Amino acid sequence: MKIHHLNCGSMRRLDPTYQGPPSAPAVNHCLLVETDSGLVLVETGLGLDDVRHPADTLDPSWVEMAAPVLREDETAIRQIERKGFDPNDVRHVIVTHLDVDHCGGLPDFPQAAVHVLAAELRAAVAEAPSRRYRPAHWAHGPQWRAYESTGDDWFGFTAVQPAGLPEEIKLIPMSGHTAGHTGVAVHDGTRWLLHCGDAYYYHRELDESPEVHPILDIVQTGAEVDHGKRVDTQSRLRMLARDHAQDVTLFSAHDPWEFGRLAT
Ligand SMILES: [Zn+2]
């Protein structure tokens, strides 16, 4: 399976907390995976409607906080076209959760099955419209595939096997940020890539002596639905990164420095 790293929506520019890497805009880190089951998009970032008519689809206070650049050439559909693929060949979309910056592009792929944890779908439908859940992103009636958080052991986490997808792609539930937040594991033939969504925001949070990012930490603590579960998830991810560095490469949705390392 060939894996492409895409940034589907730059946002507010961030400074690192240490000397070294340059400042960079926060990203929406998505994966495009070429499989025998067609193209699989892991996360959508913002979609065409979001960048063209943000007032119609996004909450104004979220736009002010995240400061998205709203460029059409950064949407997943335009990047997929530029790589020479037909967007209609995207058969599956997997979302870590249904916050706007993770599912805004769903309307651009109406033909795709959309894989999500059932708890997240229930919360989104029950709470929308809200700052985080915007019904415009699923008004087209996606072909939802919703899963309970049960499955086999995966490095001490639970692995949920999405229907119709190869065993090299799994949902790894990571609770705390939203009601049904999940990571997504994709095997590249050598090792696992683990998209952790918003389970953490800054690469230094996985260090032995964790360090939060002053801006991103405001966002992650403000957005959490269960503080205890979020902190526990992050501590388990820290152990995973420490104990299985040879087997698993972890990254989060918005850290531009992780994206820079992996996208090259
Ligand atoms: Zn996010």
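## Basis and overall fold

Helices (H or I, at least four residues) and strands (E, at least two) are DSSP runs, numbered from the N terminus. By that count the protein chain has nine helices and 14 strands. The radius of gyration, taken over C-alpha atoms, is 17 Å. The C-alpha trace spans about 45 × 40 × 35 Å along its principal axes.

This is a predicted model, where local features need pLDDT of at least 70, side-chain atom pairs count only at pLDDT 80 or more, and totals for chains, interfaces and linings use all residues. Residues are numbered from 1 along each chain as its sequence is written, and side-chain values use heavy atoms, with hydrogens and water left out.

## Burial and contacts

Of the 264 residues, 54% count as buried (under 20% relative accessible area; exposed is over 50%, partly exposed in between; 1.4 Å probe, protein chains only). A contact means heavy atoms within 4.5 Å. Among contacts with a separation of 6 or more, 64% link residues 24 or more positions apart.

Most residues other than glycine have a negative phi, and most peptide bonds are trans. E43 is not a glycine, yet its phi is positive, about 75°. E43 sits in the loop between strand 5 (38-42) and helix 1 (48-52). At 1% relative accessibility, E43 is buried.

F155 also has a positive phi, about 50°. Its loop runs between strand 9 (152-154) and strand 10 (157-159). F155 is partly exposed, at 28%.

A cis peptide bond joins A128 and P129. P129 lies between helix 6 (118-127) and strand 8 (143-147), in a loop.

Technical notes
The radius of gyration is taken over C-alpha atoms; the globule rule is 2.2 Å times the number of residues to the power 0.38.
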